[in-house]
Amino acid sequence: FEKLNKNYTKTSNPISNAIVLGNGVMGKGIIWLFSKYLDDVRIKIRDISQANEIIKDVSKIYDYLVKTRKMTKNQAEFKLNKISYTQDFIGFKNFDFIIEAIVEDENIKKQTYKEIENVANENTIIATNTSSISIEKLSSEVKNKENFLGVHFFNPVNLMPLVEVIPNSNTSKETINKVFELLISCGKTPILVGDCAGFIVNRILLPYMNEAAFILEQGSKIERIDNVIKDFGMPMGPFTLADTVGVDIGYKVATILNESYGSRMPIASIIEKMYNAKLLGEKTKAGFYEYAGRDTYPNS
Ligand code: NAI
């Protein structure tokens, strides 16, 4: 597989349509990306009354592109019109690629793959956007393991080029090749990584985030740490990042990495306290910072 990082083969039947499950921070970014680059995008929504709100959030990325003259209004409308939605599993048979960006919970994700496999075409590629759970574990009850893999986008999807591609031990070369082709055609930089809890980026990111939390617990200030790290050259400080990612996601990732790597990946107590207090960042309008009255999507 190593060679794929540089070479992939163009196929005669590239992925041209996709379904996205999960319409939170990541789901909306992925919906936007596929509406921009693919012919057809369907979103599976748990509560159909949220559909307009979700599409409105996705359209904010287009609004920004129109405002900055990177796209015309007509072009943006054309792309938005490619998005359809379903509360059930309507049309799943007709799609080439299905990605879930639902809650970071192993059992809920595994149950979702069963539901998808009951309705999808046997050639459909099924991907997970998990940020920390081993793909081998997630694939344990998947029937069509050769078509299943991790495709880990980063937040915000419209701005972050890197995508980690993580096979399970049975993922076929053809599946990986097709996913590379898809991601490159969407302007992304896919990188093939080995399967483990947290893959590459989050294994490196968690100790960094933890040290920031420990410095805070030792008496420093949120803004001070964020400003120092920004002055160091990072696009945003660790606490702004935690609020952007979602403290719940950070806490779940920390828990999974702690279970896998033990004491060298501890869970910072401030993160646990904030998770329990439901101070989750932008999504709850309060986290390390206050967001009440501020429009926080897209976070670009
Ligand atoms: P989020 O909390 O913003 O959205 C979660 C979505 O899951 C919502 O649409 C919610 O309706 C849905 N959901 C909740 N319970 C469900 C259930 N029982 N069945 C089906 N759907 C359910 O989460 P976010 O941040 O979008 O994360 C989604 C996935 O993407 C997670 O696996 C996370 O680890 C991963 N991820 C998150 C990143 C981030 O920066 N937030 C970055 C990269 C990956």
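This is a predicted model: local features need pLDDT of at least 70, side-chain atom pairs count only at pLDDT 80 or more; totals for chains, interfaces and linings use all residues.
The ligand is surrounded by 23 residues, and the closest are Gly24, Met26, Ile102, Ser131 and Asn155. Residues are numbered from 1 along each chain as its sequence is written.

**The shell around the ligand**

- By class, the shell has ten nonpolar, ten polar and three charged residues. Ala, Val, Leu, Ile, Met, Phe, Trp, Tyr, Cys and Pro count as nonpolar, Asp, Glu, Lys and Arg as charged, and the others, Gly among them, as polar.
- Helix α1 (25-37) and strand β6 (148-153) each supply at least two residues of the shell. Helices (H or I, at least four residues) and strands (E, at least two) are DSSP runs, numbered from the N terminus.
- The element that gives the most to the shell is α1, with three residues.
- The ligand shell takes residues from both domain 1 (2-192) and domain 2 (202-284), so it lies between them.

**The two domains**

- The bounds of domain 1 (2-192) and domain 2 (202-284) come from an automatic or database domain assignment.
- Between the C-alpha centres of domain 1 and domain 2 there are 26 Å.
- Six residues of domain 1 are in contact with ten residues of domain 2; contact requires C-beta atoms, placed from the backbone, to lie within 7 Å.
- On the side of domain 1 that touches domain 2, two residues are nonpolar, three polar and one charged.

**Helices α7 and α9**

- Helix α7 (residues 201-217) packs against helix α9 (residues 238-245) at an angle of about 115 degrees, with the axes 10 Å apart. Axes are lines fitted to C-alpha atoms, for helices over the stretch in contact, and angles run from 0 to 180 degrees between N-to-C directions.
- Tyr208, Met209 and Ala212 in α7 meet Pro238, Phe239 and Ala242 in α9.
- This contact of α7 with α9 has six nonpolar, no polar and no charged residues.

**The whole protein**

- The protein contains eleven helices and eight strands.
- Its C-alpha atoms fill a box of roughly 60 × 45 × 35 Å, taken along the principal axes.
- For 300 residues, a compact globule would have a radius of gyration near 19 Å, and the protein agrees with this at 19 Å. The radius is taken over C-alpha atoms, and the globule rule is 2.2 Å times the number of residues to the power 0.38.

Key:
Two residues are in contact if their C-beta atoms, placed from the backbone, lie within 7 Å. A residue is near a molecule or strand if its C-beta atom, placed from the backbone, lies within 6 Å of it.
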